[in-house]
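Reader: I am new to reading structures. Could you take me through this one in short steps?

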Amino acid sequence: MKTQVCIIGGGPSGLLLSQLLDLRGIDTIVLEKHSREHVLSRIRAGVLEHGFAELMREAQCGERMDREGEIHHGFFIAHDGIMERVDLSGHTGGNSVVVYGQTELTRDLYEARAARGGKVIHHADDVKLHDLTSSPHVTYRSGDDVVRIDCDFIIGADGFHGVSRKSIPAGVLREYEKLYPFGWLGVLSRTKPVSPELIYARHERGFALCSLRSQVLSRYYIQVPLTQTVDEWSDDDFWAELKRRLPAEIGVRMQTGPSIEKSIAPLRSFVAEPMRYGKLFLAGDSAHIVPPTGARGLNSAASDIYYLYHAMTDHYKKGDDQGLDNYSARALARVWKAQRFSWWMTMMLHTFPDSIAYDRKLQETDLAYLFSSENALSSLAENYVGLPF
Ligand code: FAS
Ligand code: PHB
């Protein structure tokens, strides 16, 4: 087989780029190792920054997001028994975020690719990348057959555990990683969300987050030690602990119910540099991971996709390779700002088992300064709604 751009990974990054390039007449093939059902069974991001939502609309995939998603103009930080609101729109000249689950967004992308006859190959096993600096091609196993795809470019959109980043020679690749001594236990439940806007809670027992997917589907998280497993948490224990970490007036009005999904995600900060090697370009989680505290995970992929979309279009339509040549530096500049923001939100709102009293006073002071300064709130808000591409 032959294509112009071979994309490894049928998650949101790979599908969105495939759709955008297809609309510009650029041929792509997406290789996904799992089934579509498996990809759609994963519960992940819930908040889309302005830029990501705009890209979905440009990809002609924004219709259900605009119909079913919720526009949020702010969120709350709960601490010391009180709730303080971060006015996102007020501090960013009217900007906002869209609350719309990654699962639904990925479903929209799959349906859009199918509607345009896009080539998305599932159960692509043992994907290998070859000759990245000369004549790039990809092989994968389909049953007993090994299939070869010759292409001009390869996009590594295969997530943190994918094969693409690992195809960059060790002497070229630089990795930066910070692990956190806790995870997030997340629960999805068919209950009315406790708050119309998200609540990030700082509590001595640990962090908690009240989020949602719709007015009948709630998403909650509590910080848990990495030593714990999902089996140790009954639904009742989860609800009781979540309420302990929230102001009383929130806990008493919380509608509880059976979990329809329950999982623990470890938290890490990670960046791989460079995001290009020869004809291979990394995008999304294959190149960077953030703790979800700042809702930057999926949103960090947005600028990667935007830069690659325009760079590939300029290459094929104008013979201009400037976008490709400066992709890695340009993408990393924004990636590191999202890393900083996610790290800052995580350090401010979580409890750290080995922290000293001085650290805890700094956390309290960080929060006190935030709500004492319009400039500090503006800084948080501009990062949360998404820095410019
Ligand atoms: P993805 O990992 O989503 O997709 C990569 C795709 O490549 C997958 O479908 C995978 O099956 C495929 N693949 C992997 N290896 C392959 C190979 N060798 N060959 C072919 N295909 C291969 N972000 C937030 O903002 N908020 C959250 O609450 C949040 N929660 C998260 C919870 C978990 C457990 C995880 C892992 C991530 C979470 N994230 C969250 C971040 C998440 O939303 C990612 O940012 C987002 O999935 C990135 O999308 P992709 O870059 O497409 O990578
Ligand atoms: C979610 O709804 O899953 C979510 C929202 C905001 C975050 C993290 C996760 O910061």
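Author: Start with one term: a polar contact is a pair of N or O atoms within 3.5 Å; within protein, one must be able to donate a hydrogen and the other to accept it, and residues adjacent in sequence count only if both atoms are side-chain atoms. This is a predicted model, where local features need pLDDT of at least 70, side-chain atom pairs count only at pLDDT 80 or more, and totals for chains, interfaces and linings use all residues. Residues are numbered from 1 along each chain as its sequence is written, chains are lettered from A and ligands numbered from 1 in the order in which they are written, and side-chain values use heavy atoms, with hydrogens and water left out.

Reader: How far does a polar side-chain atom of Arg213 lie from an oxygen atom of ligand 2?

Author: Look at the side chain of Arg213, not its backbone. One of its polar atoms faces an oxygen atom of ligand 2 at a distance of 2.7 Å.

Reader: What percentage of the area of ligand 2 does the protein bury?

Author: Accessible areas come from the Shrake-Rupley method with a 1.4 Å probe; for residues, only the protein chains shown count as cover. Alone, ligand 2 exposes 280 Å². The share buried by the protein is 97%.

Reader: Which strand gives the largest share of the shell around ligand 2?

Author: Strands are DSSP runs of E, at least two residues long, and helices are runs of H or I, at least four, numbered from the N terminus. Strand 15 (208-214) and strand 16 (217-225) each supply at least two residues of this shell. The largest share is 3 residues, and it comes from strand 15.

Reader: How many residues surround ligand 1?

Author: A residue is near a molecule or strand if one of its heavy atoms lies within 4 Å of it. The closest to ligand 1 are Ser13, Glu32, Arg42, Arg44 and Gln102. The number of residues surrounding ligand 1 is 29.

Reader: What distance separates an oxygen atom of ligand 1 from an N or O atom in the side chain of Arg42?

Author: Ser13 places a polar side-chain atom 2.8 Å from an oxygen atom of ligand 1. Gly297 uses a backbone N or O atom, at 3.2 Å. For the side chain of Arg42, the distance is 2.5 Å.

Reader: Which elements give two or more residues to the shell around ligand 1?

Author: The protein covers 84% of the 1000 Å² of accessible area that ligand 1 has on its own. The elements that give two or more residues to its shell are helix 1 (12-23) and helix 9 (297-318).

Reader: How many disulfides does a search of the whole structure find?

Author: A disulfide is a pair of cysteine sulfur atoms within 2.5 Å. For Cys6, the nearest cysteine sulfur is that of Cys151, 5.1 Å away, and Cys6 is in no disulfide. The search of the whole structure finds 0.

Reader: Is Cys6 buried or exposed?

Author: Buried means under 20% relative accessible area, exposed over 50%, partly exposed in between (1.4 Å probe, protein chains only). Cys151 has 6% relative accessibility, so it counts as buried. Cys6 has 0%, so it too is buried.
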